[in-house]
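I opened this model to look up a few things and write them down. My notes follow in the order in which I took them.

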Amino acid sequence: ISEPDEPRLSAVRRVDSEVPQPSSTVAETHRTPAEISSVKLEDRERGLEVHSDVILKKEKSANPFRGKHNVLVERLSEVHESRGKLPVVSEEQAVMEAINENPVVIICGETGSGKTTQVPQFLYEAGYASGNGIIGITEPRRVAAISMAKRVGYELNRSQEVSYQIRYEGNVNPKMRIKFMTDGVLTRELASDFLLQRYSVVVIDEAHERSVYTDVLIGLLSRIVILREKRGIPLKLIIMSATLRVEDFAENKLLFSVPPPVIQIDSRQFPVSVHFNKRTPTEGEYLEEAYKKICKIHKELPAGGILVFVTGQQEVHALCSRLRETFPFRESRRCPSGSQVEETGKTKMKGVKFKLDAYPVSALDEEEGIAHVDDEDLLGTDPSTNAREATFQAAAEPMYVLPLYSLLSSDKQALVFQAAPEGSRKCVVATNVAETSITIPDIKYVVDTGKTKMKLYDRNTGLSTFRVMWTSKAGANQRAGRAGRTSAGHCYRLYSSAVFNDNFSQFTPPEITRRPIDDIVLQMKAMNIEKIINFPFPSPPNRESLMVAEEELLALEAVKLLKPGKSAEVGGSRISALGKIMSSFPVAPKFAKMLAISNQQGLTPYVITLIAALTVQELFVESWNDGSEQSEEVRKRHGYLSQMKKRWIGTGYTKMLGDLMVLLKAVGAADFNGATEEYCKEHCLRLKAIREIRQLRQQLANAVSLVTASDEVLINPQTPPPNELQAKLILQIVLCCLGKKIARKLPHSVVDANKPEKHRLKHSYQTQNLEQLVYIHPNSVLFQDEPEYILYQELFEGKKIYCRNVMEIRPEWIPKFLPQYCTFEKPDETAEPFFDEKSGTVVCQLSSTFGAHAWPLPAA
Ligand code: CDP
Ligand code: MG
């Protein structure tokens with residue numbers, strides 16, 4: 001990034017030209033508006049260099065990207081009213097003055113002060129979207145990108161002009177002037193237009209979240225702003241953050257040599273009383289504790305919404321359905337306002353002004369619907385309902401329970417912004433999403449489990465696990481703050497003050513220091529950043545994970561070393577033609593490579609399906625191994641499942657493809673049979689997973705046809721399963737891309753070998769980078785077969801360390817497809833090359849060994 005100026009841009013074009021170019025007509029239609037505008041701009045710059053200088057002198061601060069006039073917006077009176085209450089609105093003048101006069105501005109203010117919804121509107125009204133450029137806003141979370149785009153479109157009364165784009169989904173259209181997107185999406189755009197010439201302003205929202213892409217974007221934009229200024233097409237950069245640790249950006253001399261102004265939005269925060277528990281519940285108790293606390297609040301405390309923080313989607317659902325059972329929402333007898341249950345099951349309420357028709361009732365009913373309650377439950381005779389719950393039911397009004405987490409569909413998310421139906425209390429059960437990204441109105445009580453789910457990654461083993469951990473002090477305080485937006489509130493912390501003081505860290509460390517960064521490094525390489533180590537990160541990543549990422553990309557052949565003999569982090573590395581193609585697919589580098597090399601023998605549709613299936617995970621309703629009771633019927637069905645899996649894989653190469661063949665067949669079977677609920681149940685498939693896979697597959701297919709510029713319909717539900725040749729090629733493609741995830745069977749110990757076959761323990765496997773031995777999971781279709789050499793998708797820890805998604809490979813493929821991991825020995829001095837009649841070639845004996853544990857392998 002030292003000086004990514006003209007020469008580098010032409011370097012981009014040079015690399016591009018190595019990539020097979022689509023025919024010109026197709027290329028024309030597939031050009032993004034950004035590319036087209038960048039071509040025009042470059043021409044104009046070249047031709048009018050002197051001229052533009054003159055203009056610059058005459059109108060010093062003129063910005064060709066900004067319209068001359070303010071834009072008049074007519075808002076609905078309801079919007080007018082609610083905007084008026086937001087603290088940021090009274091600061092509009094100060095905010096806009098700072099933006100007009102400075103290239104970079106930092107705005108910080110409490111969550112809910114109106115930054116996300118209002119600042120884009122200020123910019124729009126000031127004409128920043130009516131010149132050549134549009135307004136771009138990045139969000140670290142998909143939920144926020146979608147819901148904020150909708151809100152701003154509604155507030156501006158111009159919903160067509162406000163679009164969103166998340167990784168696989170968006171509603172971008174030619175009228176768009178404001179674009180909300182995830183930070184990953186903008187990072188990808190940088191690879192095709194490093195100067196972001198379609199934007200007049202870029203707003204980086206939620207900078208305090210410190211997501212990897214946000215951090216990288218801030219680093220990049222700090223330089224892009226200077227480059228754009230030099231070219232007379234200034235770009236405004238606005239960084240918005242909650243009141244947390246702004247100094248990481250504001251006072252970082254590496255990022256900004258002139259510190260940007262920080263505008264502090266003082267918002268009215270009502271006092272929140274924080275109540276600590278006397279004792280801290282154990283690991284297994286906090287959900288129960290949260291449930292009890294909610295019940296108590298609902299029963300004993302005055303009106304006001306409740307917001308509960310738990311750690312993940314499953315906990316959200318579990319708690320939601322329990323609360324719905326306890327405080328049924330639909331039941332007319334419990335509803336003071338006199339709602340009644342109709343035959344159709346829809347609720348009608350007197351004097352309540354919202355339309356139930358507007359709710360996606362069928363979708364709600366499907367999984368998180370308002371519970372259907374029969375009399376037995378109400379009377380508390382259900383053995384699972386204890387006496388205390390029965391008392392709550394008798395006393396309390398209904399509860400309007402809503403889930404909120406990042407992958408929840410957008411119409412369901414939208415429900416949290418609406419008022420609860422009269423006569424009921426709103427209770428939102430949320431993950432971290434509600435901490436700062438989304439402000440839920442009317443919350444008076446916050447119940448904080450203090451827990452958060454973090455993905456932890458072990459650099460040595462490559463194992464990644466989700467662990468439920470204590471959040472940080474800053475996080476807990478943000479959560480508490482949610483209770484004081486509209487009036488004084490209460491926060492119930494389900495842990496003691498001693499635990500808070502002693503066990504909570506001050507801040508959650510930035511994501512970039514906590515996870516593998518191969519994907520972001522690839523994106524940066526695609527922008528021709530050769531020495532990542534010199535990049536101005538707000539917080540630099542760990543040196544070791546940088547090294548691992550560089551090595552991984554080198555092994556995938558996505559980059560080439562600049563100085564042979566010197567490691568990539570020291571000498572730098574440059575993106576290869578393959579890497580360039582890989583960087584255009586919105587998936588992890590290993591999957592991107594699978595896509596990039598799948599363009600043969602009609603394999604692309606299979607590879608797309610596989611990537612979708614491997615990403616979604618847990619396609620099957622597997623048998624439980626936790627010793628819990630299983631009904632006869634369930635057990636029978638699982639017996640059937642494992643038989644079916646065996647039948648699916650067949651013999652030969654399709655069998656070697658193992659669990660991946662099972663995935664392909666399962667998705668194919670569901671396609672063929674229309675993926676109905678009955679079909680899925682009958683075959684132990686999770687309907688939701690099937691739907692997700694099909695959706696993801698379509699999105700990937702679209703992405704691929706965009707990149708390859710082919711209009712070919714890739715996904716045909718009637719595609720037959722892969723044949724022998726295709727199965728073999730798929731296996732080899734996967735091998736090339738998963739690299740080191742190979743394990744070799746170890747012989748039984750002598751003791752085991754003496755036991756009769758059926759009492760013998762299962763074989764253990766030796767992997768490349770792990771000292772501990774690993775096992776094939778009983779759910780794998782290759783569990784019984786125990787092949788000599790296996791390839792697996794990943795390791796996970798259960799009672800033992802297990803391989804997930806296992807395939808069988810031939811050892812001689814390893815030196816052929818993964819030479820980068822092998823050491824080749826010179827042919828034996830005495831062994832002369834000889835003519836092999838069978839193959840008709842001269843053969844020279846060459847032996848190879850693989851990686852750390854030095855397995856001898858046959859020559860390729
Ligand atoms: O970004 P910041 O946290 O400062 O605030 P915001 O997200 O702009 O929210 C401002 C207000 O708009 C809050 O009171 C939200 O509840 C409200 N809002 C809404 O009513 N509906 C939406 N879809 C989004 C926000
Ligand atoms: Mg916000």
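**Helix pair.** I started with the crossing of α25 and α32, which is right-handed. The model is a predicted one, so I read everything below as computed from that prediction. I looked up the geometry next. Helix α25 covers residues 589-596 and helix α32 covers residues 724-738. They pack at an angle of about 145°, and their axes are 9 Å apart.

Which residues of α25 meet α32? I listed Lys590, Lys593 and Met594 on the α25 side. Across from them, α32 brings Ile733, Val734, Cys736, Cys737 and Leu738. I then sorted this contact by class: six residues are nonpolar, two are charged and none is polar.

**Core.** Val734 came up again when I turned to the largest nonpolar core. That core has 199 residues. Val734, Val308 and Ala430 touch the most other members.

**Val185.** I picked out Val185, which sits in helix α9 (residues 183-192). Is Val185 buried or exposed? It is buried, because 22 other C-beta atoms lie within 10 Å, and the cut-off for buried is 20 or more. Leaving aside neighbours within four places in sequence, I found Val185 in contact with Gln165, Ile166 and Arg167. I also checked Val185 against Gln118. They are 67 residues apart in sequence and 22 Å apart in space, C-alpha to C-alpha.

**Whole chain.** The protein chain holds 34 helices and 30 strands. It has 860 residues, and buried residues make up 40% of them. I also looked at contacts between residues at least 6 apart in sequence. Of these, 73% join residues at least 24 apart.

Notes
Residues are numbered from 1 along each chain as its sequence is written. Chains are lettered from A and ligands numbered from 1 in the order in which they are written. This is a predicted model: local features need pLDDT of at least 70, side-chain atom pairs count only at pLDDT 80 or more; totals for chains, interfaces and linings use all residues. Helices (H or I, at least four residues) and strands (E, at least two) are DSSP runs, numbered from the N terminus. A residue is buried if 20 or more other C-beta atoms lie within 10 Å of its own, exposed if 12 or fewer, and partly exposed in between; C-beta atoms are placed from the backbone. Two residues are in contact if their C-beta atoms, placed from the backbone, lie within 7 Å. A nonpolar core is a set of buried Ala, Val, Leu, Ile, Met, Phe, Trp, Tyr and Cys residues joined through C-beta atoms within 7 Å. Axes are lines fitted to C-alpha atoms, for helices over the stretch in contact, and angles run from 0 to 180 degrees between N-to-C directions. A crossing is left-handed if the near helix is turned anticlockwise from the far one by less than a right angle, and right-handed if clockwise. Ala, Val, Leu, Ile, Met, Phe, Trp, Tyr, Cys and Pro count as nonpolar, Asp, Glu, Lys and Arg as charged, and the others, Gly among them, as polar.
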